[in-house]
Amino acid sequence: MNIHPTSHNEPEINLTPLIDVVFLLLIFFMVSTSFIHESEMKVDLPEATTRPMEQQGPPIQVTIGKGGKIAINGKRLLNNQSATLTAAIKEAAGDRQHPHVIISADAKTDYQSVVTVMDVAQQLGFERLSLATAQRRNDP
C-alpha cells in the first residue's frame, strides 16, 4: 500500500526576476543616454535673424562663459592666455587643416575674450569661423 502518492510536478520558469532585470536595464539606458548636446557652462546666446550655415565635419566648439572662462569641446581651460588657447585649439583640430570653429559666447561676456579666440583662430590659419546665436522669435 502506497501512503504517499507520487505527484508529478511540471517545472516552472519564474519570469518575475527576468522582467525586473529588463526594466532596470531599460531605466539605466534611458538615464545614461543624452539626447541633446549640453555644455558644462550656461551660456545665454545673443539673438540673430539669420539661419546657421551647413556644417561639414565635426566643428571645434569654443564656449565662452559670463566670466570669460573658455571651454573647447566641453573641456575648460586653466587660463585664458593665448598660448593655452592656441595649444588647446591645435589639439582639438588634430590633423585637420581647415576645421570649422564655432564660438558660443555668452551675451554678457567681455568682447576681449571673443576677440582673443578669433585672433588665435586666425593665427592658426582657420578661416571657417562662426559665432553661435539664438534664433530670434517673431512674437506678434
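Colleague: What does the accessible surface of the protein chain come to, and which percentage of it belongs to carbon and sulfur atoms? After that, please look closely at helix H2 and helix H3: at what angle do they pack, and how far apart are their axes?

Modeller: The model is predicted, so local features are given only at pLDDT of at least 70 and side-chain atom pairs only at pLDDT 80 or more, while totals for chains, interfaces and linings use all residues. Residues are numbered from 1 along each chain as its sequence is written, and side-chain values use heavy atoms, without hydrogens or water.

The accessible surface of the protein chain is about 11,200 Å², and carbon and sulfur atoms hold 56% of it (Shrake-Rupley method, 1.4 Å probe). Of the 140 residues in the chain, 26% are buried (under 20% relative accessible area). The chain has three helices and seven strands (DSSP runs of at least four and at least two residues), and their order along the sequence is α-β-β-β-β-α-β-α-β-β. Among contacts in the protein chain with a separation of 6 or more, 74% join residues 24 or more positions apart (heavy atoms within 4.5 Å).

Now to the helix pair. Helix H2, residues 82-93, packs against helix H3, residues 111-123, at an angle of about 55°, and their axes are 10 Å apart (lines fitted to C-alpha atoms over the stretch in contact, with angles from 0 to 180 degrees between N-to-C directions). The crossing of H2 and H3 is right-handed (the near helix is turned clockwise from the far one by less than a right angle). From H2, the contact is made by Ser82, Leu85, Thr86 and Ile89, and from H3 by Thr116, Val117 and Val120. Sorted by class, the H2 and H3 residues in this contact are four nonpolar, three polar and no charged (Val, Leu and Ile count as nonpolar, Asp, Glu, Lys and Arg as charged).

One residue in the loop between strand S5 (101-105) and H3 also deserves a look, namely Thr109. Thr109 is buried, with a relative accessible area of 14%. Beyond its neighbours within four places in sequence, Thr109 is in contact with Ile64, Gly65, Lys66, Gly68 and Val114. The C-alpha atom of Thr109 is 6.4 Å from that of Gly67, although the two residues are 42 residues apart along the chain.

Definitions and conventions: Buried means under 20% relative accessible area, exposed over 50%, partly exposed in between (1.4 Å probe, protein chains only).
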